[in-house]
Each structure stands twice: as structure tokens, then as C-alpha cells.
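Please walk through this structure with me, one region at a time. Keep the sequence and the 3D view open side by side.

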Amino acid sequence: MVLRLVEVTKTLGTQHVLEGVNLEVAPRERLCIVGRSGAGKSVLLRLILGLSKPDSGEIWYGETNLVPLRDRELAPLRREMGMVFQNGALFDFMNVEDNVAFALRERRRPETEIREKVARILERLFLKGHEKKMPAELSGGMRKRVALARAIISRPKLIFYDEPTAGLDPIGSTEITDLIRCLNEEFGATTIVVTHDMRSVEQIAQQVAFLHAGRIYQACSAEEFLSSKDRVVNAFVHGLVEEATVGAG
Ligand SMILES: Nc1ncnc2c1ncn2[C@@H]1O[C@H](COP(=O)(O)OP(=O)(O)O)[C@@H](O)[C@H]1O
Ligand SMILES: [Mg+2]
């Protein structure tokens with residue numbers, strides 16, 4: 001397993017957001033973590049990335065439990081992880097090219113190598129010709145693609161996407177889910193996508209983990225999940241809001 005969570009808990013304010021999350025992710029696989037808005041998906045991602053610490057539990061990255069590590073020990077492992085934040089989180093004061101080059105410049109790679117890699121990745125993500133544009137000049141779909149380029153340029157072993165299709169129309173959304181799938185196949189990075197969008201699940205997921213009432217309620221293949229007869233899962237998949245709350249807690 002490339003990633004293994006054991007009984008992870010997190011309370012924020014008075015809210016027990018995560019109450020014992022167990023999860024295993026195999027190398028190279030595409031996993032969607034799904035759950036209703038507010039279920040704790042983003043909180044869970046932040047814990048895995050070490051941006052905040054769980055109250056209890058273990059987060060194993062390969063042979064290393066990340067939880068007790070300090071920032072300095074965590075840093076080299078974090079460099080093996082890429083993250084595409086929900087809002088893209090581009091630097092608004094940098095053009096496309098410089099945004100994408102950022103991680104490589106931080107690592108002090110030679111400028112010729114940086115330029116070559118940036119050009120290659122921009123071409124791959126259909127952004128050729130837009131190198132000098134500022135984020136404010138880009139469409140929603142283009143911003144997402146720049147955010148993808150920024151995350152994959154350093155060839156992470158593990159890549160996380162938080163709600164990658166949020167705010168996109170169905171076509172823009174399919175464009176992004178196609179790219180996520182293809183990049184996973186091309187580069188082989190283990191891919192974890194957080195979403196509440198069932199179309200994204202259909203288009204991306206091999207495995208699904210359903211976060212519900214502070215735990216992973218079900219972890220299974222995408223086919224099993226989408227056709228599940230379980231009342232809570234079925235209600236979630238088909239957007240039956242009232243029934244989905246039955247059995248919560
Ligand atoms: N920094 C915080 N302080 C207090 N509560 C928070 C904080 N971050 C998230 N929460 C709460 O934790 C719950 C889960 O949030 P989140 O992980 O963002 O949900 P989602 O599944 O939609 O990504 C929500 O009820 C949210 O209000
Ligand atoms: Mg979220």
C-alpha cells in the first residue's frame with residue numbers, strides 16, 4: 001500500500017469531523033473519496049498532506065507514519081506529493097509559465113531543464129500559446145489545467161485533486177476528468193480525487209471510498225459503489241437527500 005490510514009480522528013471546534021477513518025490506497029490506483037458537502041473530505045486531504053495533524057490515528061506513507069513527523073522531516077516526503085486545490089490556488093501575480101515552473105524553481109533545477117519541461121507539460125495540457133497570460137485572463141477550465149500542470153510537473157508519486165470539476169460545465173468537466181485519467185495512466189502516480197460529483201466518479205474512479213458520518217462507510221470498486229443496493233450509498237449516489245441522512249451518526 002502506498003497510503004494507509006488507521007483510525008484517524010479529527011475534531012474541529014466542537015464538531016467530530018472524522019471519527020476513525022481507515023483507508024488503504026494501492027500504488028498507481030485511481031481512488032475517489034466521495035461524501036456529501038461538509039463530510040470532511042477536504043479536512044482528510046489536509047491531514048494526509050500534513051497541513052494539519054489528526055487528534056489520533058496513523059497515516060502511513062509507504063513505511064513511514066507521517067503523524068509524528070515534524071515539518072522538516074515531512075518536507076522531503078511532501079515533495080513526492082502533488083496537490084490540486086479546490087480553487088486552483090494559482091499565483092495571481094505570475095503568468096502561466098511561471099506558475100507551472102514554480103515547483104522546479106523552488107528545487108533549483110537548471111533553467112534550461114525547467115523551460116523544456118514547462119513547454120512539454122503546457123503542450124500536453126493544451127495550453128500552448130497561453131504561456132504569458134495571467135491567471136485573471138484564463139477561463140475556468142484553463143485555470144484548472146494550469147493547476148494540473150503545476151502539480152504534475154515535478155512528477156509526484158501521489159497526487160491529490162480536491163473537487164477538480166467544481167464550477168465547470170459538463171464539457172469542461174469531462175475535459176478535466178479525461179486528463180486526470182490519462183495523466184494517471186501516463187505517469188503512474190497514485191491518484192486520489194475528492195469529489196461529490198457522481199459523473200466524476202464514473203469517469204475517473206477505479207476504487208471509491210465513501211466518507212459518511214466521520215468514517216469510511218464503504219470502500220469498494222467504482223462499479224460496486226455505483227450499483228450498490230445499500231440504502232445509504234444508494235441514496236448518496238442518486239442524490240436522495242432525505243434518505244441519505246437516515247443512518248447517519
Ligand atoms: N478550520 C476549521 N475550523 C472549524 N471547522 C472546520 C474547519 N475546517 C472544516 N471545518 C468543518 O469540518 C467539516 C468538514 O469540512 P470539509 O472537510 O471542508 O468538508 P467537505 O467534505 O465538503 O470537503 C465542515 O462541517 C466544516 O465546517
Ligand atoms: Mg471540500
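Helices (H or I, at least four residues) and strands (E, at least two) are DSSP runs, numbered from the N terminus. Helix H6, residues 170–187, contains Thr-177.

Some ground rules come next. This is a predicted model, in which local features need pLDDT of at least 70 and side-chain atom pairs count only at pLDDT 80 or more, while totals for chains, interfaces and linings use all residues. Residues are numbered from 1 along each chain as its sequence is written, chains are lettered from A and ligands numbered from 1 in the order in which they are written, and side-chain values use heavy atoms, with hydrogens and water left out.

Stay with Thr-177. Is Thr-177 buried or exposed? Its relative accessibility is 0%, so Thr-177 counts as buried. The cut-offs are these: buried means under 20% relative accessible area, exposed over 50%, and partly exposed in between (1.4 Å probe, protein chains only). The side chain of Thr-177 makes a polar contact of 2.7 Å with that of Gln-203. A polar contact is a pair of N or O atoms within 3.5 Å; within protein, one must be able to donate a hydrogen and the other to accept it, and residues adjacent in sequence count only if both atoms are side-chain atoms.

Now turn to ligand 1. A residue is near a molecule if one of its heavy atoms lies within 4 Å of it. The residues around ligand 1 include Leu-12, Gln-15, Arg-36, Gly-40, Lys-41 and Val-43. One is 3.0 Å from an N or O atom in the side chain of Gln-15. A polar backbone atom of Gly-40 is also 3.0 Å from a ligand oxygen. For Val-43, a polar backbone atom lies 2.9 Å from an oxygen of ligand 1. On its own, ligand 1 has 550 Å² of accessible area, and the protein covers 57% of this. Such areas come from the Shrake-Rupley method with a 1.4 Å probe; for residues, only the protein chains shown count as cover.

Which element gives the most to the shell around ligand 1? Helix H1 does, with three residues. H1 is mostly covered, with six of its eight residues buried. Lys-41, Val-43 and Leu-44 are among the buried residues of H1. Gly-50 follows H1, and its phi is positive, near 75 degrees.

Two arginines also have positive phi. Most residues other than glycine have a negative phi. Arg-108 has a positive phi of about 55 degrees. Arg-108 lies in the loop between helix H3 (96–106) and helix H4 (111–124), and at 72% relative accessibility it counts as exposed. Arg-155 has a phi near 50 degrees. The loop between helix H5 (140–152) and strand S7 (158–162) holds Arg-155, which is exposed at a relative accessible area of 52%.

Finish with the aromatic rings. Rings of Phe, Tyr and Trp (its six-membered ring) pair if their centres lie within 6.5 Å; planes under 30 degrees apart count as stacked, over 60 as edge-to-face and the rest as tilted. By this rule there are six aromatic pairs. Why is the pair of Phe-91 and Phe-93 tilted? Their ring centres are 5.7 Å apart and their planes stand at 40 degrees, so the pair counts as tilted. Phe-91 is partly exposed, at 25% relative accessible area, whereas Phe-93 is exposed, at 63%. Elsewhere, ring pairs link Phe-210, Tyr-217, Phe-225 and Phe-236 into a cluster.
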